[in-house]
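Work through the following exercises with the structure in view, and try each task before you read its solution.

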Amino acid sequence: MKKVFITTASFLLFTFYFLLFAISANAQSLSLAISPPLLEVMIQPGKSITQVYKLSNPGEIDLAMTSKILPFSPQGEKGEITLDNRPNNTLTNQYLTWFSFQNANLALGDKFLLKAGGEQEVVLKLKVPGNAPEDDYYATLLFETLPSPFSDQSGAQAQAKIGTNLLLTVSRDGQPPRKAEIIEFKVPKIIDSFDRPHFLLRLKNTGRSFLKPMGIITVTGWFEQKYILELLPENILVDSLRQIQCQSEDNPQPCRINSKFLLGRYQVKAEFGLDQLSEDYLAEATFFALPIKLILGLVITAAIFWIVRFKLVIDKSLF
Amino acid sequence: MKVNWLLLIIFILLFSLAAKPVLAQSSVSSDNYEITWPNVNMGAGLPTSSSYKLGVTTGQNAPGLYTSTGYKIRAGFQYIHSIIPFRFSISDISIAFGTLTVGTPKTENNILTVSFGAAGGYQVTAQENKPLTSDANDTIADTTCDASDCDESDAGVWTLDTTYGFGYSMSGNDVPGGFSGGKYKQFADTAAAESAQIVMSSLNVGRDRQATVTYKVNITNIQAAGTYGNIITFIATPSY
């Protein structure tokens, strides 16, 4: 009896202790921020520059980190990228060796600890050799967390990498050949008067250096009423296509005019220059705006009215 | 005469106290943006015409200046300069499935959060270093879904308990289409030289864009006992 009592008491005490002092298993979240997100450099062979990056850890846990530079190529038409993560990419992309860190205690590729709430400044140095060919070079500076050790149960470990892109043009005179081709300027032929037409401008960089289209889309109606859309000067990389967005009220957005009602024939003109405002490039199209839905609504209403009226006349004649 | 001197001193005093330093307006900002027109070595400003205006920097564009300095740098997005830093978070870095039971699928979630304010958008890609693998090198294969129609690039329906393997689904902000209706994909396998796949992307700006990753695993009755694991890598990059 005494033994049973001691066992029960021990069990209850253990349970009580366990419930009281058990540590809750918190999810380990991580967070990383980087600035600036983009660096554009035009540089002569034989010159070098430095750029300071700020990597911060706004999360609640210390992070073991490392860094690397990878080449990237444009993917799709909306500014996406594909990183070249092949192990031998330094051999095929010699320009990756032009980059290093100038920090006293941190080299590119070194492991370092980024404290919770802390920040790490990284001074990236770019030294272009004197014999570097005049060309464009694209890379991403990546900071990555080192995965935690595996637990004793099945599952996956998440690893985070955050990147910032570098667009590098090596040019002796600072005037690399810039050339673009308008692949498509898509304007709807006919729209409903209450719709807001969307214009699609697709440009290809056929030059030797990345470029930004700078200009406007002008929509002019029958009565000379004008709508102006500003093109967003986004980078188009060499040999790649990009769908150009517009900007309005400080926001990037699709090229769509903010109209409530349009009527008649409208002329749409896209005019832009490369890296400067000009009318070097021009694309034109027209569309018609008709109150199709309104007319259809009126026709249907009239038809219903006529049918009802006709039915009433027949009913009257029967009685 | 005395009164004149007194008035002059008072005037100078008032002028000195009230005068504010003259600052060039170099930026306009809102909650999400700061539009800057940095004056770099040369004239800058807002070119305007009767029909349009556009922010432009002409700094260091002259060939002579480039020849003397040897470089030209622009950090950040020049025309819409964000005051939202590029930030990426994962809600839980350890995705634990616990003990797996034959024919009983297990799911776990974690949340990806992105804040991005600059022009051009962002993307988050995902990939695994290998399929779920045990210490004895046994693997839980990546799922091919109910109709054997999913892989790392195409999603497929996975609702049957008799479908086995490991996969993921996405929901929330800025996720690619094709996941709705209980659809899953395989993680791109780095060991098999598969390319990382986009799991979040947007052309627009925003704070705290959130997407949920649902990990799913189901094992067969011939699965060797052991603890299985792998590493899922999420890469967040801004656009250019």
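Two residues are in contact if their C-beta atoms, placed from the backbone, lie within 7 Å. The model used here is a predicted one.

**Exercise 1.** Find how many residues of chain A are in contact with chain B, and state which strand gives the largest share of that side.

*Solution.* Begin with the count: 69 residues of chain A are in contact with 64 residues of chain B. Next, look for the strands that each supply at least two residues to the side of chain A, among them β1 (30-35), β3 (48-56), β10 and β14 (213-220). The largest share of this side comes from β10(A), with 13 residues. Finally, sort the side of chain A that touches chain B by class, which gives 31 nonpolar, 27 polar and 11 charged residues.

**Exercise 2.** Determine which strand of chain B is joined to β10(A), and in what direction the two run.

**Exercise 3.** Describe how the two domains assigned to chain A are placed and how they touch.

*Solution.* The assignment gives domain 1 as 33-146 + 159-170 and domain 2 as 180-294, and their C-alpha centres lie 34 Å apart. The contact between them takes 8 residues from domain 1 and 11 residues from domain 2. On the side of domain 1, β9 (135-145) and β10 (154-170) each supply at least two residues, and by class this side has 3 nonpolar, 2 polar and 3 charged residues.

Note on methods: Residues are numbered from 1 along each chain as its sequence is written. Chains are lettered from A and ligands numbered from 1 in the order in which they are written. This is a predicted model: local features need pLDDT of at least 70, side-chain atom pairs count only at pLDDT 80 or more; totals for chains, interfaces and linings use all residues. Domain bounds come from an automatic or database domain assignment. Helices (H or I, at least four residues) and strands (E, at least two) are DSSP runs, numbered from the N terminus. Ala, Val, Leu, Ile, Met, Phe, Trp, Tyr, Cys and Pro count as nonpolar, Asp, Glu, Lys and Arg as charged, and the others, Gly among them, as polar. Two strands pair if DSSP finds at least two bridges between them.
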